[in-house]
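Please keep the sequence and the 3D view open while reading.

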Amino acid sequence: MRRVIITGSGHFLPDNIIDNSYFLNHTFYDEAGAKIEKSNEEIISKFHEITEIEERRYVDEDMNNSDIATIAGQRALEDAGVNKEELDYVMVATNYGDIDKHGAADVMPSISARVKYKMQIKNNQCRPYDMNFGCPGWVEAVILGSQLIKAGLAEKILVIGSDTLSRATDPFDRTAMIFADGAGAVVLEAKETDEECGVMNFVTLSDNQDEIHYLNNGVSLNTDYDGAYKSISMKGRKVYEFALKKVPAAIKRVIEQGGKDIADIDKILLHQANAKMDHAMIARLFKLFGKTEIPKGIDPMTVQKFGNSSVATVPTMYDLIAKRQLGDHEFHPGNTIIFASVGAGMNINALMYKFPEK
């Protein structure tokens, strides 16, 4: 039987570590456009209490999103031992493509075409493909790539998630403290085996009615700001409530459709949005299965040190665990894991993956 296996992974995190004190001199406004009178110490303390974010990474001024995506992609190829000219697709999940230090987004040519160029892939049958699906974009690209491989339309696909959200934030919005930069990648390959392994099954849900306004681009909360016209605008409470209601149910569905139980799952790699939300989603998931005790280590976290780098959070976490660089977390042959994400749209997806026994 034709299976889809992850054969290599890689990531890139910028060297610039931005801790919470970076925001002490900012001026924050509320959604009504009024200056928040609380001290920045109090604002930052409350932010840390909710999100657990202590640090995030920002790219250097001379680096673009396509640069860090290229580095992560090259590292994944090296890890997989795959010749770049054998790739059928270079898929890149992103929200803004390349975005300069002034906040201008540039998606022509596509970021995937730029990455293919920077990787110097000369095979003109290798197709660059952009996935613009909000924070769930990387998981959705893995879903699409696995379908192409299972259908016999591809053999080897590089899937990258990369964003430089530090350049897309409103400096007067408290939510700017959430977002970060980074890139992660995996190589998907076809494998003929009777063993139950690889990409098992998935669920994708898109609520694009009233929910479409929960997370989008908007003008600065400071009406006098003459910076970028477009910046991330998030209704935090709405996103939280939506995610808590929808994501655990989607994960439960993908587990049950795969003929498994929550007890069969070894790791759940959630998009790293904020810690409070992720903890709540895991607790709700176990409650849906009638469980109150959550196994230690089932839900790895990176948001505390890396912030929310959107499409890059899940593949970065995967690579760190695969390389045994995230505390005590590790994968073992035969493990079954879940990838899941929620983001702008509002889109949700969940994918079950089983490591080959050998």
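The model is predicted.

Five strands form an open sheet in the order 1-9-8-4-7. The pairing is mixed. Strand 1 (2–12) and strand 7 (127–131) are the edge strands, and each pairs on one side only. On average, neighbouring strands are turned by 20 degrees against each other, direction ignored.

Within this sheet, strand 4 (residues 89–93) and strand 8 (residues 156–164) run parallel. Five bridges join them. Y89 stands opposite I157 in strand 8.

Two helices pack on this sheet. Helix 2 touches strand 1, strand 8 and strand 9 (181–192). The direction of helix 2 makes about 125 degrees with that of strand 1. Helix 8 touches strand 1 and strand 9, and its direction makes about 90 degrees with that of strand 1.

Strand 10 pairs with strand 15 (residues 347–354) in the antiparallel sense, over eight bridges. V199 has Y353 in strand 15 as its bridge partner.

## Helix 2 against helix 3

How do the axes of helix 2 and helix 3 cross? The axes of helix 2 (residues 65–80) and helix 3 (residues 111–118) come within 9 Å and cross at roughly 60 degrees. That angle makes helix 2 oblique to helix 3. The crossing is right-handed.

Helix 2 contributes N65, S66, D67, A69, T70 and Q74 to the contact. Helix 3 contributes I111, R114, V115 and K118. Three residues of this contact are nonpolar, four are polar and three are charged.

## Cis peptide bonds

Which peptide bond is cis with omega of about 0 degrees? The bond joining M108 and P109. P109 sits in the loop between strand 6 (105–106) and helix 3.

The peptide bond from G345 to M346 is also cis, with omega near 10 degrees. M346 is in the loop between strand 14 and strand 15.

E52 has phi near 70 degrees, a positive value in a residue other than glycine. E52 lies in the loop between helix 1 (40–51) and strand 3 (55–58). Its relative accessible area is 27%, so E52 is partly exposed.

R324 has phi near 55 degrees, again positive in a residue other than glycine. The loop between helix 8 and strand 14 holds R324. Is R324 buried or exposed? With a relative accessible area of 56%, R324 is exposed.

Key
Residues numbered from 1 in each chain as written. Predicted model: local features only at pLDDT ≥ 70, side-chain atom pairs only at ≥ 80, totals over all residues. Heavy atoms only, no water. Axes fitted to C-alpha atoms, helices over the stretch in contact; angles between N-to-C directions. Helix = DSSP H or I, 4+ residues; strand = E, 2+ residues; numbered from the N terminus. Parallel < 35°, antiparallel > 145°, perpendicular 65-115°, else oblique. Left-handed = near helix turned anticlockwise from the far one by under 90°. Contact = heavy atoms within 4.5 Å. Nonpolar A, V, L, I, M, F, W, Y, C, P; charged D, E, K, R; others polar. Pairing = 2+ DSSP bridges. Buried < 20%, exposed > 50% of the residue type's maximum accessible area, 1.4 Å probe, protein only.
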